[in-house]
Amino acid sequence: MSSLFRSLPSVDACLRWLKADFPSTPHSVLLESCRAVLDELREDIRSGRVTDESALSPEAVRPRLHGVVEKKDRPRFCRVINGAGVVVHTNLGRSVLAREAQEAVRIAASGYSNLEFDLETGERGSRTSLVEELLCSLTGAEAALVVNNNAAAVLLMLDTLCKGGEVILSRGQLVEIGGSFRIPDVMERSGATLREVGTTNRTHLADYERALSENTRAVLWVHPSNYRIIGFHSSVPADELANFAHAHDLPMLEDLGSGSLMDFSRWGLHDEPTVSEVLRQGTDVVTFSGDKVLGGPQAGIIVGKKVYLDKMKKNQLLRALRCDKLTLSALEATLRLYRDPETARRAIPTVRRMSMDAGTLKARAESLQNLLAGELEGLATCSLKDDFSRVGGGSFPEQGMPTTLVCVHPAGCSAVQLKMRLLSTEPPLVGRLGEFGFELDPRTMDDEEFPDVARVLKEALNKAKA
Ligand SMILES: *Cc1c(COP(=O)(O)O)cnc(C)c1O
């Protein structure tokens, strides 16, 4: 064993090889890679996995070093192809920005800007005023404010309007949303006390009435997002609840979650009121996400009555929750597209994907199937299957959107193995595991991505065969 240890190449020798093979990679990365590989080899000798010197020769060690350097030097953040058919996929970065928003980000990132500079007076301006006017005109709200995400929006709203007091909420809306956003926890952070009323499945106006006290600061409505109560249940309609709140001089607040500026019922998606509808029902302050159904960057948008928004704008907490210039530029560009609904539908990827009709999807699935049939000959067969895509992000949870999936049936490995192989292709491809194969939904992929889909599938299937 000790002679094996002596046969290990030195750090210097390894570094010399790597410097020749990777002339532009930083020294620190090469050194870390050498140490990592030599540590592994020492462990292999100690545990008896390496028993002869051939495993320690330059011919054996050099490829191993290469693999480690390539992996270490690759950026960790990378593009992923979403073939899973979940449009607002939180794990895959939610919304893809419209070209106009991408361009706005590029401009904001590459030069100085009027982020907090008023171009009319030449003096200090306010960063959120840049999108406030647009938000008001698109939603009919008196005032608007933008923060880092919807969780921050809810926190700021409760901290500003309810701290030290009580907020009444139906038990039917006491939900946890993916990524562990829990209303009771956010409430606790804000220093407000939750007054739960009703039961999980039924809450009546009388329940709210009984919960009123001199400490009550607001009535809260939380969109249940990815959760629905089915069967014997009842809740107080939002407009009735708003009237009730106003009769007691309380604001009605709503965490809307997804927050759409567009009515999707035209495309068979019902059940989600638009932001302007919610405001028309009498809700005083509404919060929602920028990167869910809206299709913009991660942001928390707050719209509603000016008296309440003015208080939030003065809250010191806002300083910690404010969003950056890249977000604001992308959000403004996205909102500008909504000034014309048809433009928004065509230009914003999230909206375009949600409104894509079944016929178009079927034709696109067929074209992907044809491409794959040619490229993957002998490696896999492909078939089509009618199924449903999902909106994701907690929106329209029970409503699938009809689609046609392309099912890949690998010849030399299982669908599970194929799925795992596709995690390390460039770019990685995420799909669904179906009953009979690995399934891809054209709704969440662009036609321009199809050649990449074929290439990485071929690569993964060939590797699986080897
Ligand atoms: C998604 C969601 C949130 C969290 O929003 P983020 O933008 O992810 O912070 C909060 N409340 C509801 C009802 C949601 O659907």
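This is a predicted model: local features need pLDDT of at least 70, side-chain atom pairs count only at pLDDT 80 or more; totals for chains, interfaces and linings use all residues.
Biologist: Is serine 258 buried or exposed?

Modeller: Serine 258 is found in the loop between strand S11 (252–257) and helix H11 (275–280). Anything under 20% relative accessible area is called buried. Serine 258 comes in at 4% relative accessibility, so it counts as buried.

Biologist: And which residues is serine 258 in contact with, leaving aside its neighbours within four places in sequence?

Modeller: Contact here means heavy atoms within 4.5 Å. With those neighbours left aside, the list for serine 258 is Glu272, Phe288, Ser289, Lys292, Val293, Gly393 and Ser395.

Biologist: Over to helix H14 (residues 325–337): what do its buried residues pack against?

Modeller: H14 has 13 residues and reaches 19 Å from first C-alpha to last, close to the 18 Å expected. Its buried residues include Leu328, Leu331 and Leu335. The buried residues of H14 pack against helix H5 (99–110), helix H6 (129–139), strand S5 (143–147), strand S13 (300–304) and helix H15 (341–347).

Biologist: What about domain 2 and domain 3: how many salt bridges are there between them?

Modeller: The domain assignment gives domain 2 as 81–90 + 355–465 and domain 3 as 99–347. Their contact takes 11 residues from domain 2 and 18 residues from domain 3. The rule finds 2 residue pairs in polar contact across that interface. For salt bridges between domain 2 and domain 3, the count is 0.

Biologist: Which residues in domain 2 lose the most area to domain 3?

Modeller: The area buried between the two domains is about 1200 Å², with carbon and sulfur atoms giving 63%. On the domain 2 side, 45% of what is buried comes from three residues together: Ser355, Phe396 and Gln399.

Terms used. Residues are numbered from 1 along each chain as its sequence is written. Side-chain values use heavy atoms; hydrogens and water are left out. Helices (H or I, at least four residues) and strands (E, at least two) are DSSP runs, numbered from the N terminus. The expected span of a helix is 1.5 Å times one less than its number of residues. Buried means under 20% relative accessible area, exposed over 50%, partly exposed in between (1.4 Å probe, protein chains only). Domain bounds come from an automatic or database domain assignment. Buried area is the accessible area (1.4 Å probe) that two parts lose on being put together, summed over both. A salt bridge is a side-chain nitrogen of Lys or Arg within 4 Å of a carboxyl oxygen of Asp or Glu. A polar contact is a pair of N or O atoms within 3.5 Å; within protein, one must be able to donate a hydrogen and the other to accept it, and residues adjacent in sequence count only if both atoms are side-chain atoms.
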